[in-house]
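Okay, thanks everyone. Let me put this one up, and then we'll walk through its pockets and its cores.

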Amino acid sequence: VTLIGEVPADLALRRDGAQTGDDVWISGATGEAALALAHLSGRIELAEPFRPRCIERLEAPEPRVDLGGRLRGLANSAIDVSDGFAGDLMHILERSGVSARVRYESLPRCAALANLGDPGLEQRCVLSGGDDYELVFTASATRRNDVERLARELKLPLACTGTVLEGEGILEILDPSGRPLPAAGGFDHFKQH
């Protein structure tokens, strides 16, 4: 274990603080690092205008340190997207003893995904692709204006994607017609890949 800093008492952004009724938020967009990995492993050919940005997101991610610091006292829980949006949000839900419903269409997408033409791959990148290091966090719905103000101050897109619900560790992701999508997970460090 390496200790690299300190957090003021009672202000750590933890996985176990999500509360029923919280909004579920994400910074930026997910999927670019996963697209770069698919390109570099020869599974897809990324078009030139998108390739450099996606590879940069994979090889030199920009952690949301400023956002994390500003979420102290505002967010109830948070995690970075290292293993995929769905998988990392599940870590929050499981540790907090709650569930969530997310609207797939509300998840931000990068331009490379919009031009991909493969809905299945897009969905896997957005929901399960890791290494984006965006932040997924929950905050009381009463603090929505504060989160939106923070997004403007940091000039960083923050999208409200869903709601925390009662229940234990269930993540429901709805398609545009309101039907649940098949379960999506993230990278599992304890499974053989």
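So, the largest pocket first: 16 residues line it, and V7, A12, L13, G68 and G69 are the ones nearest its centre. By pocket I mean an open set of points on a 1 Å grid over the protein atoms alone, where a 1.4 Å probe fits, with protein on both sides within 12 Å along at least five of seven lines; lining residues have an atom within 4 Å of a point.

Quick caveats: this is a predicted model, with local features needing pLDDT of at least 70 and side-chain atom pairs pLDDT 80 or more, while totals for chains, interfaces and linings use all residues. Numbering runs from 1 along each chain as its sequence is written, and side-chain values use heavy atoms, without hydrogens or water.

Back to that lining: α3 (65–71) and β2 (77–80) each give at least two residues, and β2 has the largest share, with three. Helices here are DSSP runs of H or I, at least four residues, and strands are E, at least two, numbered from the N terminus.

The second largest pocket has 17 lining residues, with A34, L37, R43, S128 and G129 closest to its centre. Here α1 (32–40) and α6 (119–128) each supply at least two.

Now, which residues touch the most other members in the largest nonpolar core? Out of 40, they're L35, L89, L127, V136 and L171. A core is buried (under 20% relative accessible area, 1.4 Å probe, protein chains only) Ala, Val, Leu, Ile, Met, Phe, Trp, Tyr and Cys joined through side-chain atoms within 4.5 Å. Helix α4 (residues 85–96) brings the largest share of this core, six residues.

Note on methods:
Buried < 20%, exposed > 50% of the residue type's maximum accessible area, 1.4 Å probe, protein only.
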